[in-house]
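This report covers the surroundings of a ligand and the pairing of a few strands. The sequence and structure are shown first.

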Amino acid sequence: MSDAYIYNHLRTPRGKGRPSGALHSVSAVELLSQTLIQLRERTQLDTGLVEDVIAGCGSPIGEQGSAIGRSACLKAEYALTTPGQQIHRFCSSGLEAVNLAAAKVMSKQCDLVIGCGVESMSRIPIGSSGGAWSSDPSLAHKIHFVSQGISADLIATLHDFSREDADLYALESQRRTAHAWDNGYFDQSVFTVVDSIGQPLLSRDEHMRADTSLEDLAKLPAVFEKMGADGFDEQAISKYPELEKINHIHTAGNSSGIVDGAAAVLIGDADTAKKLDLKPRARIRSFASVGTDPTVMLTGPTPSARKALEKAGMQQADIDLFELNEAFASVVLLFIQEMNIPHDKINVNGGSIAMGHPIGATGAMILGTVLDELERQNLGTALINLCVGAGMGTATIIERV
Amino acid sequence: MNLVTMNYEHSGDGVVIITIDVKDRPMNILTPDLHQDVAKVAEQLATDEKAIGAVIQSGKSSFVAGGDLKRLVSLYDLERSPEQAYSESRVFTEALRKLETCGKPVACAINGAALGGGLELALACHYRVVVNDEKIPLGLPETNVGLIPGAGGTQRLPRLIGIKDATELILSGAHISPQKALKLGLVHKVVNRDELLDEAIRWLKEEGVSEQAWDKRGFQIPGGATLNNPKIGKLWQDLTTRVATTARYNYPAPLAALEAIFNGTTVISFDAALKIETREFSKLTRDPVYRNMTRTLFLNKGIADKHERRPQSVEPVKVKQATIIGVPGEVESLALACATADIEIRTAGENAKSVAQSMQDYAAKHSEKKIESGRSTREKADALIARIALDVDKNSLAESQIILLTGGTQIDTLADLLADLSSTTLIASTTSDISIADITRVLPKYKNTIGWHIKAPVEKNTTVEIILAEDASDECIAMSLDFSKQLRKTPLIQSDILPLFSRHCNQAYMEEALRMVAAGIKPALLENAARSTGMKTSPLRLIDSMSLQTLEDQCDDKDAKAVLHTLHSQHDRKGLVENKGFYDYNEGKTISLWSSLNEHFPPDSEQVDIEVLRQRFLSIQALTALSYYADETMQAADADIASVLICGYPSYTGGMLSYIDTMGISDFIKQCDQLAVKYGPQFTVPAFLHELVKSTNRIYPKAV
Ligand SMILES: CC(C)(COP(=O)(O)OP(=O)(O)OC[C@H]1O[C@@H](n2cnc3c(N)ncnc32)[C@H](O)[C@@H]1OP(=O)(O)O)[C@@H](O)C(=O)NCCC(=O)NCCS
């Protein structure tokens, strides 16, 4: 087996995922293509050496469909010999793309691979790809399908997280994000997306609200209450019958935002880095995906983290920083509680509650974010993970070299 | 051609008239003969050179009223293999497909009810015209008996009117009128009765086409289909959630309907779609749920309604006058139900004036509502109210054929009040506070004494429990049944040995819940367990709806008593009427379980598996019902109907005794033995059942 190293990574800023969002006029393939172009330029990459471009995507249909990894390569004028593909594991697609890229390198079947991800939620709304898990009666019925927001509220109910707990967490996410931007922590890895005639469209995350206060957050309506009343609560309770009702604590302010964006990570072995005169920044120590109960759905982070630790032969204490996607506040609160992680070791520069969660891209984005942070603080290891639709979790452990 | 259920006749100009007339049946129903005849006429029509097409009509006042329930019920006991059930279920589907693709146009002239397979037959025709009569019901009610349409209904209907409307009709089993059917696109035309045949023939001659839209290339389901369409994806998500939360994983038919429609509307080949439907349908015919629902709620309820136990020697009785005795709050809906059934109402006793007034007021209020919604007229309302006499002259009682005693009746005053009545007058207690023995004690002269128990509001509920003394005369039995029939209630008879069936079963159910509370089972968990069994009302809500104090007095179990005592006497939580019981209420509306329950009944750290709780709720009631069956207080069928229609026991079981029957007596004994070891002697199986299991493993005889 060979070691897989991260040479470099970068991402777009995240545009509001609605028609007024700054990136709405940019197609998904263009977002990813600009990301690949930037990567090529920054690393002086001979794209002929890239042996696969694996792209994660949350709604792989329409303009995001049909092996968008290959489409983006063609658009970015990578070497014609560079193949591209697409993978889908809901919210962890982007991290899974990195993991698969690493696996190809580790197994010595490739020397150089790009793991990336893209989502234009303003153009292809979340849930557009439908699918059997949520809509085929024979399956949705069997697994007590409910939508993610209900699962997040179910977690809160099962573990007694209050609205205030969630709002406090969200407030801190906003504060940390603003602090990170203000101090330039993100500058090196976020590039400016331009339009088709080269004019800049967006260079900073657009969804954040640095001025949010706890009072503002407290005023927001519980967004999943109605959906719950229409039947999902009942479905959740029939799976968790010790509950009398679901406590709906999640709002637009303490859930991840709907945004557009893309990210890419360049991964290869040690020899290729030498050949290309690139300095490996981190080694991928291990990765793991797990399945959990599909109804409560979002409890994959803890078991995926434990599994990745085990695969790496590491202890939790060996991890310097944790980066768990802030899909919903309760997901992070549960992980913190179950793993007993101090808050100042996790999501230290904020996360999706403030910046948004471009489903297919997020995994690749947060891996890059925490790598930059390890370097900034001169720390060694990080564990990155996400909760995943249909009851899964994906985790990756990296270590600086 | 040898046809048994229909006629095939040329009527000139190449028009063939096919008239369905199933012999020896008041209505056309789908028999195996009819299935075969459809295939035969389809073949004949295809090769009949003189025929340009056919009209299908009925020779009876209804069109075709659906399946033969008796035959359907017996299918389960045939223990068919999946292959056998599938191939037998294909017969009618294939016959209709043959008709639909015979190459000649077929019009359907619907003169009356077209339900279930009857409507499916119509849907396989190329043109449907219906008589404009709002009383004609059209619909696919199969899910109400635990089945789905199995002759193309789940496939043709969505292709005609779209997935959303079709699924709605199939899940609800609703009957719709011809006009509504026209609006939905289920039929092509609505005409006057005398134009029916002419219109069908006109279409045949002028417009007749012999190909269904769905057999044309490039056909699209109206409103879209398949998950490629996000709107349809959302629709399926909603429908699935709805089925899951209403059928609660107990009734397989609604889900089978969804699967048949979902999968069937995704395929392009209509023949593939029909196979998908047959698979789902045939699966259901091997599941006991349809058998249980059909046997109890249709076959046996039908028998109860027919009064098979009524002594034929007694002339039918029509009640013209009844006296209702009681107090305001207890009498009103009973009076309304009687008055609606053309009975003059009298009252008597100390508070007769206020009782009479209260009865009138209730009837007036009810009538106003009916007038408002167009279901009654001022004239009818006035006549109805006038039947409740305000004049409370004691002499006016003499004409009463029945005396109804309701809650609050001062029994000791009766002897005096009723002194002048004929000794054959029927005295009926409608309250558990007054037993037949009580009446006999104060009114020894009267021979015809019964219990006649129905839940309020009487005008709405359809089932009555009749308690008969062991030596009840033929006259008494006949009259109690005739009176029930006049009020259009299904009578369920028990003899006067055990307490009122429904009360006893409810009591067992509530006591079991109270034992659970006492043993530290979380109230939310046990409530959800009961709800997940399909019980109509969860036990703690049922308890709240009564007086906690009264219930405590009636409870046998000391743990159960203690729980009630804590609530009502220590914490002043007396029940729903005071907005405080196990739940907190606000003007009768549930807010949530009382937040201090945990404190007073600390939950056990280890909770019992929900499946065990489900077994406890269902079994404890079944054991109670069993005692009525064991000593012949009640017939199995009546106990089962009462279970579902009065006690709120879930209908998929077919009732408390069918629950045992479906499980098999030996397995039921095993289950109870295990429960008895862990949860108490209330689950002890009676000796009767141990005896019974030696000779048979079932309660009902095999249907084949
Ligand atoms: C929660 C959710 C439904 C909210 O969607 P939304 O209503 O479109 O959210 P918006 O960002 O537009 O916010 C709505 C309003 O809330 C308010 N708001 C949101 N965040 C706020 C904050 N931090 N402070 C103050 N107000 C805030 C604003 O008034 C905003 O309206 P405005 O921008 O028009 O003034 C959506 O973000 C969501 O579904 N997130 C989860 C996505 C998901 O499931 N991902 C997969 C995870 S497994």
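How many nonpolar, polar and charged residues does the shell around the ligand have?

## Ligand shell

The model is predicted. By class, eleven residues of the shell around the ligand are nonpolar, nine are polar and two are charged. In total, 22 residues surround the ligand. R18(A), C91(A), R209(A), T212(A) and S256(A) are the closest of these.

## Polar contacts and burial

For R18(A), an N or O atom of the side chain lies 2.4 Å from an oxygen atom of the ligand. R209(A) places a polar side-chain atom 2.8 Å from a ligand oxygen atom. At T212(A), the distance from a polar side-chain atom to a nitrogen atom of the ligand is 3.3 Å. The ligand taken alone exposes 960 Å², of which the protein buries 71%.

Strand β12 of chain A spans residues 392-400. It is largely enclosed by the rest of the structure, because seven of its nine residues are buried.

Strand β9(A), residues 282-291, pairs with β12(A) in the antiparallel sense over nine bridges. Within this pairing, I284(A) has I398(A) of β12(A) as its bridge partner. Strand β11(A), residues 381-388, is also antiparallel to β12(A), with eight bridges; here L383(A) is bridged to I397(A) of β12(A).

## Hairpin turn

β11(A) and β12(A) form a hairpin, and three residues lie between the two strands. In the turn, A390(A) has a positive phi of about 60 degrees.

Terms used
Residues are numbered from 1 along each chain as its sequence is written. Chains are lettered from A and ligands numbered from 1 in the order in which they are written. This is a predicted model: local features need pLDDT of at least 70, side-chain atom pairs count only at pLDDT 80 or more; totals for chains, interfaces and linings use all residues. Side-chain values use heavy atoms; hydrogens and water are left out. A residue is near a molecule or strand if one of its heavy atoms lies within 4 Å of it. A polar contact is a pair of N or O atoms within 3.5 Å; within protein, one must be able to donate a hydrogen and the other to accept it, and residues adjacent in sequence count only if both atoms are side-chain atoms. Accessible areas come from the Shrake-Rupley method with a 1.4 Å probe; for residues, only the protein chains shown count as cover. Ala, Val, Leu, Ile, Met, Phe, Trp, Tyr, Cys and Pro count as nonpolar, Asp, Glu, Lys and Arg as charged, and the others, Gly among them, as polar. Buried means under 20% relative accessible area, exposed over 50%, partly exposed in between (1.4 Å probe, protein chains only). Helices (H or I, at least four residues) and strands (E, at least two) are DSSP runs, numbered from the N terminus. Two strands pair if DSSP finds at least two bridges between them.
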